[in-house]
Amino acid sequence: MLMPPLTHLQFAVIDTIGASEKSGAEIRDLLKRRHKISKTLSGFYMFMKRLEDADLITGRYEIIEVAGYKAKERHYKVTGHGFKSWEKTRDFYIEAGREWAAARGTRTVSCD
């Protein structure tokens with residue numbers, strides 16, 4: 001069995017973004033609440049840039065107003081390549097779980 005194309009963190013971020021565009025702030029909040037993943041602001045945006053460079057996500061800026069001041073807010077979307085990589089990684093762990101359970105003589109719960 002080949003290794004999955006995504007790391008656990010890449011998988012979690014793509015899973016968190018899902019099918020709809022989300023702002024960086026929304027992604028950070030969801031990562032913290034759902035997966036207990038917390039990065040510094042600069043670390044988060046450097047990581048997101050690496051995902052963009054790998055064509056797993058795309059990003060765009062939106063001008064917003066905060067306390068009377070204009071600010072740029074980054075929004076992200078998963079690319080087709082990102083979704084395919086997420087699916088391959090998910091399938092890898094489902095199959096690994098089945099193989100592990102079979103080797104131990106236990107049953108697994110279907111994710112379908």
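Axes are lines fitted to C-alpha atoms, for helices over the stretch in contact, and angles run from 0 to 180 degrees between N-to-C directions. The model used in these exercises is predicted.

**Exercise 1. Helix 1 against helix 3**

Find the angle between helix 1 and helix 3, then classify the packing.

Solution. 
- Step 1: Take the two axes. Helix 1 and helix 3 pack at an angle of about 85 degrees. Their axes are 12 Å apart.
- Step 2: Apply the cut-off. Angles of 65 to 115 degrees count as roughly perpendicular. Helix 1 and helix 3 are therefore roughly perpendicular to each other.
- Step 3: List the residues that meet. Helix 1 brings Leu9, Gln10, Val13 and Ile17. Helix 3 brings Phe47, Met48 and Leu51.
- Step 4: Sort this contact by class. It has six nonpolar residues, one polar residue and no charged ones.

**Exercise 2. Helix 1 against helix 4**

Decide how helix 1 crosses helix 4 (residues 80-104).

Solution. 
- Step 1: Look at the axes. They come within 10 Å and cross at roughly 120 degrees.
- Step 2: Classify the angle. That value makes helix 1 oblique to helix 4.
- Step 3: The crossing of helix 1 and helix 4 is left-handed.
- Step 4: Name the residues. Phe11, Ile14 and Asp15 of helix 1 meet Gly82, Trp86, Thr89 and Arg90 of helix 4.
- Step 5: Sort them. Three are nonpolar, two polar and two charged.

**Exercise 3. The largest nonpolar core**

Which residues of the largest nonpolar core touch the most other members? Which elements supply at least two residues each?

Solution. 
- Step 1: Start with the members. The core has 18 residues, and Ile17 and Met48 touch the most others.
- Step 2: Find the suppliers. Helix 1 (8-17), helix 2 (24-35), helix 3 (41-53) and strand 3 (69-78) each give at least two residues.
- Step 3: Pick out the largest share. It comes from helix 1, with five residues.
- Step 4: Follow Met48. Leaving out residues up to four places away in sequence, Met48 touches Val13, Ile17, Ile27, Ile57 and Tyr76.

**Exercise 4. Ala54**

Is Ala54 buried, partly exposed or exposed? How far is Ala54 from Gly82 in space?

Solution. 
- Step 1: Locate Ala54. It lies in the loop between helix 3 and strand 2 (57-66).
- Step 2: Check the area. Ala54 has a relative accessible area of 38%, so Ala54 is partly exposed.
- Step 3: Compare sequence and space. Ala54 and Gly82 are 28 residues apart in sequence. From C-alpha to C-alpha, Ala54 and Gly82 are 8.8 Å apart.

Definitions and conventions:
Residues numbered from 1 in each chain as written. Predicted model: local features only at pLDDT ≥ 70, side-chain atom pairs only at ≥ 80, totals over all residues. Heavy atoms only, no water. Core = buried A, V, L, I, M, F, W, Y, C linked by side-chain atoms within 4.5 Å. Buried < 20%, exposed > 50% of the residue type's maximum accessible area, 1.4 Å probe, protein only. Helix = DSSP H or I, 4+ residues; strand = E, 2+ residues; numbered from the N terminus. Contact = heavy atoms within 4.5 Å. Parallel < 35°, antiparallel > 145°, perpendicular 65-115°, else oblique. Nonpolar A, V, L, I, M, F, W, Y, C, P; charged D, E, K, R; others polar. Left-handed = near helix turned anticlockwise from the far one by under 90°.
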